Structures are given as C-alpha cells and as structure tokens.
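Please look at the sequence and the structure shown here.

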Amino acid sequence: MKVGTFMLYVAVAENFVLKGEIMYKAVLFDMDGLVIDTEKHYQKAWIQAAKELGFNMTVKEQLYLRSCTKKYAEPIMQKFFGPDFDYDKVRDRRKEIMDEDLKKFGIEKKPYVDEILDFLKENGIKRALVTATPENRAREYLKETKLENKFDRIICADMVENSKPDPDVYLFACKQLNYKPSDCLALEDSPNGVHSAHSAGVDVIMVPDLSEPDEELSKIILKRAGSLKDVISFLQELPH
C-alpha cells in the first residue's frame with residue numbers, strides 16, 4: 001500500500017479525532033531505546049558508575065538522564081546527590097562500563113526497525129536518525145546493527161549547540177532534509193526526546209521503552225504506540 005497524504009489525528013482514549021490534513025514527508029527516529037536496545041545498558045552503567053563513586057543512584061534518578069544533555073543533567077543530579085556529584089567523572093566511568101557491556105552482550109535492534117524503515121522507503125518518505133548520542137558512537141552502533149545506510153540523514157548531539165531536550169537537533173534535522181517541522185513525524189521513547197521534538201514543532205509518537213508517558217506527556221504526543229509495528233499500522237490505516 002502506498003502512503004500519500006496522511007491525516008493528522010489526536011489520540012483521545014482509544015479513538016482518533018480528525019484535526020486536519022498534512023503530508024508527512026519524513027519520519028525522524030530517536031536511536032537509543034527506539035531503534036537499538038541500549039537504554040537498559042545505559043541504565044545499568046549509570047547506576048553502577050554512580051555507586052562506585054559513592055552515590056546511591058536508583059532507577060528513579062537514572063531515568064532523568066535519558067536523552068538529556070549535560071546542561072540539564074548535571075544540575076538535576078546535583079539536586080539529587082548534592083554539589084559533590086561530579087557529573088563528568090561519573091559519566092566517564094559510565095562510558096567505560098557501557099563499552100564493556102556492549103562488547104560482552106552486543107547491540108540488538110528493537111523489534112520491527114527494519115520493517116518500518118523499509119516501509120517508509122517503499123513509500124517515498126525520508127528517514128532520519130535524530131539522537132542525543134555523539135556522532136562517532138552513534139555511527140559505531142549503527143554499523144554494528146547494519147543500520148547506518150538505512151537513513152537519509154544522521155543527526156547527532158555534537159552537531160548542534162544544545163542537544164535534547166532542547167529542540168536544536170530536530171530543527172537541524174528538518175533543515176538538513178529541507179522540510180518544515182510540520183512536514184515531519186518524530187518517534188521517541190523518552191520524555192526528554194518527546195519534549196525536544198514537540199518544542200521544535202514536530203508531531204511525536206511515543207514508543208515507550210523504560211517508562212510510560214505520564215499525564216503531562218500524554219497531552220503533547222500524537223499517540224502512544226506499543227511498538228514500531230504499531231506505528232506502521234497507524235500509518236497504513238490513515239486515509240490517504
């Protein structure tokens with residue numbers, strides 16, 4: 001089925017209410033937790049690194065660090081653990097633990113990644129990766145999972161002044177694709193990623209990984225999808 005003009009819907013309970021007509025020319029993908037199954041490794045590594053350096057980080061605190069630039073993450077962690085929390089030192093140790101875990105366990109793709117990327121390509125819709133991960137690490141992960149050549153653009157945190165949850169990465173992605181934010185649909189798994197896309201004026205579907213959207217987040221997302229397969233179904237079922 002060829003997908004042409006998509007109809008923009010807003011999720012209300014289990015139904016969709018028609019708001020208008022819009023052409024999505026590109027789908028913008030977060031990476032960690034959406035395209036590749038790495039958030040669980042980040043979570044373990046952050047908690048272990050903090051513990052080794054004397055800070056009792058739990059899952060509750062770690063969740064704030066997903067797709068979060070240092071500008072916001074450092075003061076949040078110091079609010080939790082005090083001014084002695086050395087964000088750079090903990091992060092450096094986290095990277096070491098993360099690398100060890102990925103060498104041991106490898107990197108897995110999230111379910112239906114290949115299917116949705118192929119579906120979009122077949123229907124002439126551009127595909128961009130928009131990640132809070134630095135480019136060298138992002139490309140390393142994409143090469144290992146054989147996904148690097150499946151995106152038309154790869155946009156990373158170190159390509160912009162401010163990464164997620166600021167809108168810069170999404171605005172830059174739209175500029176690189178030569179599309180307006182309203183031409184694009186973002187897929188995100190974390191609150192910081194959702195806020196980044198929403199602030200850029202991009203419609204967002206949340207595909208939760210480690211946490212579900214709360215009441216506040218539910219007000220700004222287009223829809224919650226259980227998996228990328230559900231996103232394909234959502235796009236296929238829209239009038240066109």
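The model is predicted: local features need pLDDT of at least 70, side-chain atom pairs count only at pLDDT 80 or more, and totals for chains, interfaces and linings use all residues. Residues are numbered from 1 along each chain as its sequence is written, and side-chain values use heavy atoms, with hydrogens and water left out.

Side chains of opposite charge can pair when their charged atoms come close. A salt bridge here is a side-chain nitrogen of Lys or Arg within 4 Å of a carboxyl oxygen of Asp or Glu. The count by this rule is 20 salt bridges. One of them joins lysine 164 to aspartate 30, with 2.9 Å between the closest N and O atoms. Lysine 164 sits in the loop between strand 5 (153–155) and helix 7 (168–177), and aspartate 30 in the loop between strand 3 (26–29) and helix 1 (39–52), so this pair ties together parts that are 134 residues apart in sequence. Helices (H or I, at least four residues) and strands (E, at least two) are DSSP runs, numbered from the N terminus. Lysine 164 has a relative accessible area of 0% and is buried; buried means under 20% relative accessible area, exposed over 50%, and partly exposed in between (1.4 Å probe, protein chains only). Aspartate 30 is buried as well, at 2%.

Serine 67, in the loop between helix 2 (59–62) and helix 3, touches both partners of this bridge: apart from neighbours within four places in sequence, its contacts are Asp30, Ala132, Lys164, Pro165, Ser190, Asn192 and Gly193. Contact means heavy atoms within 4.5 Å. Serine 67 is buried, with a relative accessible area of 11%.

Aspartate 166 forms a salt bridge with lysine 71, the closest N and O atoms lying 2.8 Å apart. Aspartate 166 belongs to the loop between strand 5 and helix 7 and lysine 71 to helix 3, 95 residues apart. Aspartate 166 is buried at 13%, whereas lysine 71 is partly exposed at 44%. Elsewhere, Asp37, Lys40, Lys110 and Asp209 are linked in a network of salt bridges.

Helix 3 also meets another helix. The axes of helix 3 (residues 70–81) and helix 4 (residues 87–105) come within 10 Å and cross at roughly 105°. Axes are lines fitted to C-alpha atoms, for helices over the stretch in contact, and angles run from 0 to 180 degrees between N-to-C directions. Helix 3 is therefore roughly perpendicular to helix 4, a term for angles of 65 to 115 degrees (under 35 is roughly parallel, over 145 roughly antiparallel, the rest oblique). Lys70, Ala73 and Glu74 of helix 3 make the contact with Tyr87, Asp88 and Arg91 of helix 4.

Leucine 102 is also in helix 4 and is buried, at 8% relative accessibility. Leaving out residues up to four places away in sequence, leucine 102 touches Thr38, His41, Ile107 and Tyr141.

The structure holds zero disulfides, a disulfide being a pair of cysteine sulfur atoms within 2.5 Å. Cysteine 68 is buried at 11%, and cysteine 156 is buried at 0%.
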